[in-house]
Amino acid sequence: MSLIQVVDLNQRHGSKTTLKWVSFSLEKGEVFGLIGPTGAGKTTLLRLLDQLENPTSGKIFFDGRVVTGSPRLQTQVRRKVSMVLQKPVVFNTSVIDNVAYPLKVRGHDRKTVAETVNEILKTVGLEEYAKRNARTLSGGETQKVALARALVTRPQVLLLDEPTANLDPLSLDMIEKLVVQFNREYGMAVVIATHEMAQGQRLADRIGVMMDGELVQTGKPSEIFSTPTDLRVARFVGVENILQGKVNSNRESLVHIDVQGRDVEAIANRFPGDEVHLCIRPEDITLSLRGASTSARNSFSGQVTGLALSGALARVQLDCGFTLVALITKQSAEELGLQIGKQAHVSFKATAVHVIGQ
Amino acid sequence: MTELWDAFVEALRLIVSLDDEVVSIAWRSLRVSAASTALAALFCIPLGGLISFRSFHGKRLLINIIQTFYSVPTVCVGLFVFLMLSRAGPLGGLGLLFTPTAMVLGQALLITPIMLGLTISALSGVDKTIRDTTLSLGASERQAIWAIIKEARFAVGAAIVLGFGRAISEVGVAWMVGGNIKGFTRLLTTAIALDAQKGELVLALALGVILIAIALIVSLGVNLVQQRH
Amino acid sequence: MIRKPLYCLLAVLVLVALLIGTAGCSGETAGGMLNPVDRLRVATTTSLYDTGLWGYLEPKFEKQYDVELDILSGGSGLALEWGRRGDVDVLTVHSKTDELKFISDNYSSERVWFAYNYFLIVGPEDDPAGIKGMTPEDAFKTLYESSGGKFVSRGDNSGTHSKEKAIWKAAGYADYNALTDAGAAAGWYLEAGKGMGDTLVMASEMGAYTLTDIGTFLAYQSDLQLVPIVDSGSILLNIYTVLICTKGKNQEMANNLVTFLTSAETQELIGDYGMKDYGQSLFTPCAGQPEPTS
C-alpha cells in the first residue's frame, strides 16, 4: 500500500485554477521529485499534501485512510509529515527553541527534547548557533534551522519546497546530503519540489513533471529525461534538439520522418501523415569529419555554426538543413579541429530519436 | 501658572512624605487596574487569537464593531455595570456594587474592546507563514494560535499596557460602580474628581501627577521586561 | 509541553486577578471578603460630605458600633435613586418634597430631621441686580424681570436645585422649564450641572448670583468673589433628614445610625461643627424637636 495516494485533486484559488486532476502516489521510503517551472502548482500540491489547504475536489489518502475533510486526521497527518516552506520563517526565539518546537507540540518531555535537539543541531552543524536568535541568521543558516526543525521529529514524509533556491553550493550540497542520509537511515519518504531538473535527477527515485497545474508525466528520472511524453516536458528537461516533421512511412515501428526535406529514421508507433516532434539529446549525437562508418541509421553532413566550451565539454551547433546541437568532449573537439564554418558529419541512432505526437 | 508649579511641588511632597492616604489610594488604584487588566487580558488574548486565526463570515464586521467600542464613554460602561450589579439588577444578588471587585469588573469590561481589537491587529501583523509553519510542524489550532501570540508578544504587550492605561485613568466606571467610598473604593481618579469638586485644585492636580507617574513606571517596566527577553 | 507555558500564564493571571480583586475588597480597613465585617452604606447629599461633617462623624460611629461605614456622596437625586434600588441602607438628604414622595412610594417609613441651616443667595459684592435685603421670592422676581444680573443654577436635581425650584414657584413662576428656557435664551440663567463647589466657582468667575447651602459657601468663601446677598426668609430653610431605606439590607445598623445621629452627644458635635475652621457653626441640631418651619 502506498504511503500517500492522491486522487483527482483540483484546487482553485478564487478564479485561478492551480491544480487540475492531479493523481499520484508516494511509496514508503521513496524520494519523489516534483519538477516544473515556477507557477506550475508544485507549492499548492505540497501544501495539500501537508494538509495546509483543503482541495476544491479530490481525495488524499494517508496509509490507506481518507484524510481530506477531517481536521482531526489532518492534524495527525501533519504530525507524521514535515514540510520546509519555500521561504522558511523561523520563530523569533533562539535556534534551540525553534528546533525544539515540533517536539514540544507533540508533548515530549524536557529531557528527550534537549537530547534530540542537540543531536540534530550537531548533524546540521548548527551547535554553535544554538543560543542565537534565529532571526539573526543568514539565509543558508536559516534554511538549515528550518530543515533541522523539520527533521527533528523523524517524520515519515518530508516535503521540501525549492529547498536550495538561492543557496550557495556548499549549503546546497550539505542539505542534499542530509536529505539523502535521512532517507537511507530512517526510510523517510521525500517529496522535493524543484525547478531544477538536475537536482531532481540527483536525488529522486521518481519524478513527476508539473505544467500549468497538471501532473503531465511521472516516471524514473532516466525515462523523463529520454522519453518525455510531451513537448513542454521535453523542453523543460533540457532536450535541446526538438525537430518538427511528418511521418512518411512505418515498417514494423521503423518510421521515416521528413524533416525539412531530410529523411530521419526513428523507432515509434506513428503512421504516415502524422505531424510529430523529434527529440534528440545532444550527447547522443556523434561527430566526425568524414562520412561515418557507424551503424547509426541517421547520418547528415552540415556546417559548424556555433562552438562553445563548458568545462570538459564542447557544445557544437551545426546546420544540416535543420539545426542540431551536439555535445562532445572538449578533447575530441580539439582532435577534430572543429571551428565555425567547418564541414562535419553528424550521426545518431534511430533509437536515439524520441518521437512525440503533436 | 503658579498653580501648576504648586501641584508639582505638592505631588512631590506627597510622594516623598509617603502620605498615608495618598499611598493607600495610589496602591488601591494600581491593584484594581492591574486586576482588571489581567482579567481583560485573560479573556481578550485567547479570544483575539481565535478571531484572528479563524476565517468566518462577518469577521470584518465583528472587528469593525469591536473598534467602534474603543470610544465608548466610561460613564456609559459604568452605568451599564451599575444597572447589572445594583440590587435591583440581574446580578444584584452577588452584592458586588460599591466594592473594589465591581470596579475590577467594570474596568475589565471597559478595556475589553480596545484590548481585543489591538490584539487582533497585533496578530494580523504576524507573517502568515508562521501559521503554516506551526501547523506544518504538527501544532494543533490552539498551539498555533499560541505561537502566533508569542511572535506578536511586543505588540500584544503594548495592547495590554494601553488597556492598563485606560483602566487606571478612567473615572466614570470607578465612580458609578465603586461609589468613591473613602478607604474602600476611592481611587486616584475619583479622588481627583472629588478634590476638584471641593475646590482643592492643587491637591487634585498633584494626585494627577502621581497617577501619570504610576502609569509611566508600569509602561517602562513592561518595556524593560520585554526587551530582556 | 507547549500547553505548559500557556496554562502557567493563564493560571498566574487568574491568581493575580483573584488575589488583587479580593485583597482590594479587604482594603486597608481590614475585613472585606476574606474577613467579612458589618458594613453600612449611607448615601449623603454632597453638602454634608464636602463640608467634612461626615468625615468627622464617621470614625466615631464606626468605633461605637464596630462597623464599616461606607459613605457615598452624590446629589440628592442620585442618593434617592440608590435608595430606591436598594443599593444603600440609609440616606441623609435635604429635599423635603422628594423625601415625602420617597416615603409615599414606600421606600422609607419616616424622615428623621437632625440638623438644619439656611440657604443663601450669594452674588458679587456690588450687587448688580440690586436685590440685597429683599425676600428670596422678590429677589428671584427681580432677577427675572430686570436684566441686572446672571444666575448660575446647579441644574443637577440636587436638594439645592429643588430648593431653587421651590423659590421660583413661590415667586410666581410655576413653569420652571419655561423659565429656564427663557432665561437661558436671554443669557442670564445658566445651568452648571455640577456640584455645589463647582457651581460656586463658576458663579464667582462669572460675577453671577447663585443659591448655596451655607456650609459649602463657608468652606469655599476664601477663594470666591462672592458675598451673601439674601440670607433670611423661611423658604431658605434647609433641613437635613435621615431616612432608612426599606430595601436596604442592614436595617439593624441603619437604626443604630439614626439613634447615633439623634443622640445628645452627636447633636452637640453637629452643633459645634465648623466653629474651629470657620468661626461659626454650620448646622443647628434639631433632633427630637418639632420640624423647624422658619
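Two residues are in contact when heavy atoms of theirs lie within 4.5 Å. The model is predicted.

## The two domains of chain C

Chain C is divided into domain 1 (8-116 + 237-285) and domain 2 (118-236). Across the boundary, 16 residues of domain 1 of chain C are in contact with 19 residues of domain 2 of chain C. The two domains bury about 1300 Å² between them, with 56% of it on carbon and sulfur atoms. On the side of domain 1, L237(C), N238(C) and Y278(C) lose the most area to domain 2, together 36% of what that side buries.

Seven residue pairs, both members at pLDDT 80 or more, are in polar contact between the domains of chain C, while the count of salt bridges is zero. In chain C, α2 (46-50), α4 (76-85) and β9 (237-245) each supply at least two residues of the side of domain 1 that touches domain 2. The largest share of that side, three residues, comes from β9(C). By class, the side has five nonpolar, 10 polar and one charged residues.

## A buried threonine in chain B

T37(B) belongs to helix α2 (residues 20-53) of chain B. T37(B) is buried because its relative accessible area is 5%, under the 20% cut-off. Its side chain reaches the backbone oxygen of S33(B) at 2.5 Å. Beyond residues up to four places away in sequence, T37(B) touches I111(B), M115(B), I160(B), G163(B), F164(B) and A167(B).

## Positive phi angles in chain A

R154(A), although not a glycine, has a positive phi of about 50 degrees. R154(A) lies in the loop between α5 (139-151) and β7 (157-161) of chain A, and is partly exposed, with a relative accessible area of 42%.

D212(A), also not a glycine, has a positive phi of about 50 degrees. The loop that holds D212(A) runs between β9 (206-211) and β10 (214-219) of chain A.

Key. Residues are numbered from 1 along each chain as its sequence is written. Chains are lettered from A and ligands numbered from 1 in the order in which they are written. This is a predicted model: local features need pLDDT of at least 70, side-chain atom pairs count only at pLDDT 80 or more; totals for chains, interfaces and linings use all residues. Side-chain values use heavy atoms; hydrogens and water are left out. Helices (H or I, at least four residues) and strands (E, at least two) are DSSP runs, numbered from the N terminus. Buried means under 20% relative accessible area, exposed over 50%, partly exposed in between (1.4 Å probe, protein chains only). A polar contact is a pair of N or O atoms within 3.5 Å; within protein, one must be able to donate a hydrogen and the other to accept it, and residues adjacent in sequence count only if both atoms are side-chain atoms. Domain bounds come from an automatic or database domain assignment. Buried area is the accessible area (1.4 Å probe) that two parts lose on being put together, summed over both. A salt bridge is a side-chain nitrogen of Lys or Arg within 4 Å of a carboxyl oxygen of Asp or Glu. Ala, Val, Leu, Ile, Met, Phe, Trp, Tyr, Cys and Pro count as nonpolar, Asp, Glu, Lys and Arg as charged, and the others, Gly among them, as polar.
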